[in-house]
Amino acid sequence: MPREFQFEVVTPERTVFSKAVTSVIMPAYEGYLGVMAGHAPLLALLQPGEIVVRTTDGKQEEIAVSGGFADVGPAKCLILADAAETPDQLNPDRARKALEKAKAALAEGAPGHSQEELEASVKRAENRLRFAERRKK
Amino acid sequence: MAVGNIKTIRTKIRSVNNIKKITRAMEMVSAAKLRKVQERLMAVRPYASKIAEFLTGLAGRVQNLDFPLFKTRDNVKRIGVVLVMGEKGLCGSFNSNMLRFFNEFQKKHPQPVDLTAIGKKTVDTAKKVPLTPVDSYVALKPDVTFGEIQSWTNKLIASFVEGRVDEVWVLYTEYMNAVTFRPRAVKFLPVQTEKKEGAKKEASSDYEFEPEPAKILATLIPRYVQTTFHRLLLESMSSEHAARMNAMHNATENAKDLVSSLTLIYNKARQASITKELLDIVGGAEALKG
């Protein structure tokens, strides 16, 4: 019987997720990272990607995240995300349009934004779209 | 004479009624706006407090805090002040309280000020003080975009890092609930980490970082600064709408009282004139009889 721990995803807009879970896989700075109860204390930067959560009742849930920070402790795991969505909040068509817009901005260059910022925004949009499309199937 | 009097009272009642309608409408509008801003505020608050916790924890664990935004300067020659006031008037003492607070703040911090004015009322007030704002932003919306916040904080950070100012303070009105809010001043830069000493004691060597702490901090600090700034703006906006809602509610109540007392006077005057007319008629009839 795997032990459970508290897992929270908070964005500036709202709390996306807050439940007791048994395992979490998150897109950390150097690659995907699995966390279970009793994990050594860790602070990590996140990159755009998806979080896979296994809740206490054995169900699997997915959350798309566009970067942020993770604070992992033995009994609690907190993610401060720049933005995060659950599958039912994402619309593939909207995600595709956002990606096109981000790509156009990268190609033409937008005033007041650096090259890295634009590249990061394309990356985020791609991540959302991938997530949204996979969920539809 | 009496007829004229009645007429003026009647127009008065009508105009007070119109005022009542307007203030009532303004109250409703403010209530709706307040609800919208408050929602955002309540959503930002947990994130802001968590990110502050995060920063404090991390700052305590990094041995040499080598970030310019953390460095306290001993000799404060010039301070940056961000003064946040409302967009409009008609909100009770909201704006005047803030101005009084600002004057008191200046007594405590006599250094020359680089003012950043936020809100149309701040810009107007600055002209009277008189101070020329370095920057001013008006027409705040409840859904300020992240990009806007970023460009404002970037400017504040730049003036701090480049040494134009040695401290940055934000003067805003903290929102407690729909009837209580009070002006507050917070030291915005250098970044304050609470209980830094305590956190340092428990600086555990078994904490892992991915990537190294300095790199995390470099991403975290701007994020923290922006979130804090965003929260302060939302606090002020919520307070403004709440203040206006209260002021307009009181105005509506006053208008109601005024209408009822005017109606009483009107009825008395009308009755008096009728009685007088009757007396005239009766008196005339009596005279004809005789």
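Q: In β3(A), which residue is the bridge partner of A:I25?
A: In this predicted model, A:I25 has A:G34 of β3(A) as its bridge partner.

Q: How do β2(A) and β3(A) pair, and over how many bridges?
A: β2(A) and β3(A), the latter covering residues 31-36 of chain A, pair in the antiparallel sense over six bridges.

Q: Through how many residues does the hairpin join β2(A) to β3(A)?
A: The hairpin from β2(A) to β3(A) passes through two residues.

Q: And what about β1(A) and β2(A), parallel or antiparallel?
A: Antiparallel: β1(A) (residues 5-10) and β2(A) (residues 15-28) are paired over six bridges. A:F7 stands opposite A:K19 of β2(A). A hairpin of four residues joins β1(A) to β2(A).

Q: How many bridges join β2(A) to β4(A)?
A: Five bridges link β2(A) and β4(A), and the two strands run antiparallel. Across this pairing, A:S23 faces A:R54 in β4(A).

Q: Moving on to domains, what does the assignment give for chain A?
A: The domain assignment gives domain 1 (5-85) and domain 2 (91-136) of chain A. Their C-alpha centres are 23 Å apart.

Q: How many residues does each domain of chain A give to the contact?
A: Domain 1 of chain A contributes five residues and domain 2 of chain A contributes five residues. On the domain 1 side, β4(A) and β5(A) (60-72) are the elements that give two or more residues. The largest share of that side, three residues, comes from β4(A). By class, the domain 1 side has two nonpolar, two polar and one charged residues.

Q: Where does β4(A) meet chain B?
A: β4(A) (residues 42-55) pairs with β6(B) in the parallel sense over three bridges. In that pairing, A:A44 stands opposite B:E210 of β6(B).

Q: And the contact between the chains, how many residues does it take from each?
A: The contact takes 19 residues from chain B and 19 residues from chain A. On the chain B side, α1(B) (2-61), β6(B) (208-210) and α6(B) (213-289) each supply at least two residues. The largest share of that side, eight residues, comes from α1(B).

Q: How does the chain B side divide into nonpolar, polar and charged?
A: The residues of chain B that touch chain A divide into 12 nonpolar, three polar and four charged.

Q: Changing topic to the sheet in chain B, what is the strand order?
A: The order is β3-β2-β1-β4-β5 (chain B), in an open sheet of five strands with mixed pairing. β3(B) (135-137) and β5(B) (181-189) are the edge strands, each pairing on one side only. Direction ignored, neighbouring strands of this sheet are turned by 20° against each other on average.

Q: In what sense do β4(B) and β5(B) pair?
A: β4(B) (residues 167-175) and β5(B) pair in the antiparallel sense, over eight bridges. B:Y175 is found opposite B:F181 in β5(B).

Q: Which strands does α2(B) touch when it packs on the sheet?
A: α2(B) touches β1, β4 and β5 of chain B, and its direction makes about 150° with that of β4(B).

Q: And which strands does α3(B) lie across?
A: α3(B) lies across β1, β2 and β3 of chain B, running at about 140° to β2(B).

Q: Which residues of α3(B) are buried?
A: In α3(B) (residues 120-128), the buried residues are B:K121, B:T122, B:T125 and B:A126. They are on the same side of α3(B), because they cover an arc of only 135° around the axis. Residues three or four places apart in an α-helix point the same way, because there are 3.6 residues a turn.

Q: What do those buried residues pack against?
A: The buried residues of α3(B) pack against β1 (79-84), α2 (94-108) and β2 (113-118) of chain B.

Q: One more residue: where is B:I221, and is B:I221 buried, exposed or partly exposed?
A: B:I221 is in helix α6 of chain B. B:I221 counts as partly exposed because 19 other C-beta atoms lie within 10 Å, whereas buried requires 20 or more.

Q: Which residues does B:I221 touch, leaving out those up to four places away in sequence?
A: B:I221 touches B:F67, B:L69 and B:V191. B:I221 and B:V191 are 30 residues apart in sequence, and their C-alpha atoms are 8.4 Å apart in space.

Terms used
Residues are numbered from 1 along each chain as its sequence is written. Chains are lettered from A and ligands numbered from 1 in the order in which they are written. This is a predicted model: local features need pLDDT of at least 70, side-chain atom pairs count only at pLDDT 80 or more; totals for chains, interfaces and linings use all residues. A residue is buried if 20 or more other C-beta atoms lie within 10 Å of its own, exposed if 12 or fewer, and partly exposed in between; C-beta atoms are placed from the backbone. The arc is that of the directions from the helix axis to the C-beta atoms. Two residues are in contact if their C-beta atoms, placed from the backbone, lie within 7 Å. Ala, Val, Leu, Ile, Met, Phe, Trp, Tyr, Cys and Pro count as nonpolar, Asp, Glu, Lys and Arg as charged, and the others, Gly among them, as polar. Two strands pair if DSSP finds at least two bridges between them. Axes are lines fitted to C-alpha atoms, for helices over the stretch in contact, and angles run from 0 to 180 degrees between N-to-C directions. Domain bounds come from an automatic or database domain assignment.
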